[in-house]
Amino acid sequence: MQDIKRMQLYADARRVERELAALGSAGESPLDTARCARFDQLHYGGTSAVDEAAHRLGIDAGTRVLDVGSGLGGPARHLAASTGCAVTAVELQPDFHDAASRLTRRCGLDDRVRHVRADFLEAEFEDRHDAL
């Protein structure tokens, strides 16, 4: 796990919360996923890329999604909010896992997005339906 921090891919897990606080959404105040999306999509293409993937894969309210390397949980929250699917978001880094869990709770999506802090290569699920 120490090796991933040396790579310095995403150094500051609390950045999103600071950005949101600067916009007047501090602490535990409720959030909308669209407001978070300006900061929590740690990939190219933002939510439109997530929407395109959901469309191509046919993700809907009956779908279960496993998001490996979920970072701050932005794509997981966006998928759950826009399609109604259930997402298990697996993140190795404790600080990113904690920040993602807080943001998901603030967005009121903890009934559809489950955050798991684990090394996906070592994580065990009894079967594919145990992910959420």
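This is a short chat about a predicted model of one protein chain.

Q: How many helices and strands are in the chain?
A: The chain has 6 helices and 3 strands.

Q: What pattern do they follow along the sequence?
A: Reading along the sequence gives α-α-α-α-β-α-β-α-β.

Q: And what share of the residues counts as buried?
A: It is 40% of the 132 residues.

Q: What about the accessible surface of the chain?
A: That surface is about 7700 Å². Carbon and sulfur atoms hold 49% of it.

Q: Which share of the contacts with a separation of 6 or more comes from residues 24 or more positions apart?
A: Those residues account for 64% of such contacts.

Q: Helices next. At what angle do α2 and α6 cross?
A: Roughly 35 degrees. Helix α2 covers residues 15-22, and helix α6 covers residues 94-106. Their axes come within 10 Å.

Q: Which residues meet there?
A: From α2, Val16, Glu17 and Leu20. From α6, Ala99, Arg102 and Leu103. By type, the residues of this contact are 4 nonpolar and 2 charged, with no polar ones.

Q: Where does Ser25 lie?
A: Ser25 is in the loop between α2 and α3, and α3 spans 33-40.

Q: Is that residue, Ser25, buried or exposed?
A: Ser25 counts as buried, because its relative accessibility is 6% and the cut-off for buried is under 20%.

Q: What does the side chain of Ser25 make a polar contact with?
A: With the side chain of Arg35, at 2.7 Å. Setting aside neighbours within four places in sequence, Ser25 is in contact with Leu20, Leu31, Arg35 and Arg106. Leu20 also belongs to the α2 residues that meet α6.

Q: Over to the strands. Which residues of β1 are on the covered face?
A: Val65 and Asp67. The uncovered face has Arg64, Leu66 and Val68. Strand β1 runs over residues 64-68.

Q: Why two faces?
A: Side chains in a regular strand alternate between the two faces of the sheet.

Q: How many bridges join β1 to β2, and do the strands run parallel or antiparallel?
A: There are 5 bridges, and the two strands run parallel. Strand β2 is residues 86-91. Asp67 has Ala89 in β2 as its bridge partner.

Q: Last one: where is Leu121, and is it buried or exposed?
A: Leu121 lies in the segment after β3, which is 113-117. Leu121 counts as exposed, because its relative accessibility is 78% and the cut-off for exposed is over 50%.

Q: What separates the C-alpha atoms of Leu121 and Val68?
A: 9.9 Å, with the two residues 53 apart along the chain. Val68 is on the uncovered face of β1.

Terms used: Residues are numbered from 1 along each chain as its sequence is written. This is a predicted model: local features need pLDDT of at least 70, side-chain atom pairs count only at pLDDT 80 or more; totals for chains, interfaces and linings use all residues. Side-chain values use heavy atoms; hydrogens and water are left out. Axes are lines fitted to C-alpha atoms, for helices over the stretch in contact, and angles run from 0 to 180 degrees between N-to-C directions. Helices (H or I, at least four residues) and strands (E, at least two) are DSSP runs, numbered from the N terminus. Contact means heavy atoms within 4.5 Å. Ala, Val, Leu, Ile, Met, Phe, Trp, Tyr, Cys and Pro count as nonpolar, Asp, Glu, Lys and Arg as charged, and the others, Gly among them, as polar. Buried means under 20% relative accessible area, exposed over 50%, partly exposed in between (1.4 Å probe, protein chains only). A polar contact is a pair of N or O atoms within 3.5 Å; within protein, one must be able to donate a hydrogen and the other to accept it, and residues adjacent in sequence count only if both atoms are side-chain atoms. Accessible areas come from the Shrake-Rupley method with a 1.4 Å probe; for residues, only the protein chains shown count as cover. Two strands pair if DSSP finds at least two bridges between them.
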